[in-house]
Amino acid sequence: MIMKTVFVSSTYRDLVDHRREVWGVLEDFDVDVRGMEQFGARSEEPIETCLNEVEQSDVYVGIIGYRLGSVHDDKGISFTQLEYERARDLDLEILIYIIDEEAEVKAKHIDKGSDLEKLQSFKETLKNRHTIDTFTSSNDIGEKIRRDFRRVTGKSSCDEDESLGEEIENSKESIDKFLLVPKKVSGKEILLDIEFSSKPFPASRGICKAFNLEFGATVGVSVDIRKPNGYNDSDLSHLFIGTNNIDRIWPIEKGSRHLVYSKLQFTEKEIESIKTRFKSETKKYYKDSIMMNQSIFTDSSKYFEKETVHLEAEGNVILLFTKMADFEIEDSTTSEDSE
């Protein structure tokens with residue numbers, strides 16, 4: 001197999017740790033990595049150097065943070081976007097990673113004004129053209145690069161013992177921490193072996209607003225977590241799929257089983273219902289042949305022998321689908337199904 005050449009494109013100052021992590025991961029694969037780290041002194045203009053390197057590459061890796069970076073004087077767009085457009089014109093394999101909204105970023109690394117507008121427009125273009133991935137930290141993008149380059153190169157990295165079981169075991173550690181300190185782990189992507197335990201339902205306006213999803217274009221489905229073990233009685237009982245990913249997992253059939261990557265998501269907001277209704281209805285209760293509309297207050301002692309105490313949830317946690325795994329579920333993973 002011919003060695004692939006990979007071009008890593010991003011701004012630098014804000015993503016120096018991320019680039020270092022990505023380069024370190026790619027060194028474990030049989031690829032030739034290109035990027036600003038090894039340009040050195042050259043006679044041509046910086047953008048020409050970048051574009052020449054893109055032209056000699058097979059794979060374009062775009063890492064997009066909160067900075068637009070250097071802008072071309074004549075074209076009015078960033079160097080990163082020019083590199084991306086050249087890669088697209090050449091029909092290279094393109095992998096796009098955009099920083100997660102929940103990632104911790106220093107204020108000095110966040111653009112404002114016209115630069116922010118240009119950056120947002122570029123991000124929307126990427127989201128519309130590609131199935132993008134997101135990252136929260138340098139370690140997070142390193143894990144995703146390693147996972148994706150198994151597919152790109154058609155083989156595992158130098159660590160041949162790394163297995164699907166290890167990746168799911170890492171998911172277990174993340175879930176345990178998430179269920180204790182969800183705010184610290186929110187946005188983490190994990191691998192799960194799940195079974196759909198219901199038909200899909202339209203996600204409520206409350207869910208969509210809390211997790212920045214599109215109302216009317218997001219569905220939820222009840223899931224049983226088969227691997228890692230021990231989470232079917234946890235709060236992670238629903239998987240939500242946003243508008244950009246529905247076609248990737250459709251049809252959603254009750255009883256079907258899948259390996260999926262999902263984000264652990266947390267909000268402090270109270271959500272009344274996870275399901276929505278597109279038709280108004282009035283709930284009615286019957287007691288001792290007396291019918292009451294829900295909106296009518298009565299002396300509850302006439303109808304109830306015991307007082308019912310309702311404890312409101314303090315925040316909500318969900319699973320947000322990101323992509324299907326590139327692995328098949330091994331028969332060995334089903335050995336505990338009947339137990």
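Strand 1 (residues 4-9) and strand 3 (residues 59-64) pair in the parallel sense over four bridges; two strands count as paired if DSSP finds at least two bridges between them. Within this pair, V6 stands opposite V59 of strand 3. Helices (H or I, at least four residues) and strands (E, at least two) are DSSP runs, numbered from the N terminus.

Before I continue, a word on the source. This is a predicted model, in which local features need pLDDT of at least 70 and side-chain atom pairs count only at pLDDT 80 or more, while totals for chains, interfaces and linings use all residues. Residues are numbered from 1 along each chain as its sequence is written, and side-chain values use heavy atoms, with hydrogens and water left out.

The pair belongs to an open sheet of five strands, ordered 2-1-3-4-5, with parallel pairing. Strand 2 (31-34) and strand 5 (133-135) stand at the edges, each with a single partner strand, so one side of each has no neighbour in the sheet. From one strand to the next, the twist averages 25 degrees.

Let me turn to the helices. Helix 5 lies across strand 1, strand 2, strand 3, strand 4 (93-99) and strand 5, and runs at about 165 degrees to strand 4. Axes here are lines fitted to C-alpha atoms, for helices over the stretch in contact, and angles run from 0 to 180 degrees between N-to-C directions.

The axes of helix 1 (residues 16-26) and helix 5 (residues 138-153) come within 9 Å and cross at roughly 30 degrees. Helix 1 is therefore roughly parallel to helix 5, a description that applies to angles under 35 degrees. On the helix 1 side, D17, H18, E21, V22, V25 and L26 meet S138, N139, I141, G142, I145, R146 and F149 of helix 5; contact means heavy atoms within 4.5 Å.

What do the buried residues of helix 2 pack against? They pack against strand 1, strand 2 and helix 3 (79-89). The buried residues of helix 2 (residues 46-55) are I47, T49, C50, L51, E53 and V54, where buried means under 20% relative accessible area (1.4 Å probe, protein chains only).

Finally, I175 lies in helix 6 (residues 164-180). I175 is buried, with a relative accessible area of 0%. Leaving aside residues up to four places away in sequence, I175 touches I190, L192, P228, Y231, L236 and L264. The C-alpha atoms of I175 and V185, 10 residues apart along the chain, are separated by 8.5 Å.

Key
Parallel < 35°, antiparallel > 145°, perpendicular 65-115°, else oblique. Buried < 20%, exposed > 50% of the residue type's maximum accessible area, 1.4 Å probe, protein only.
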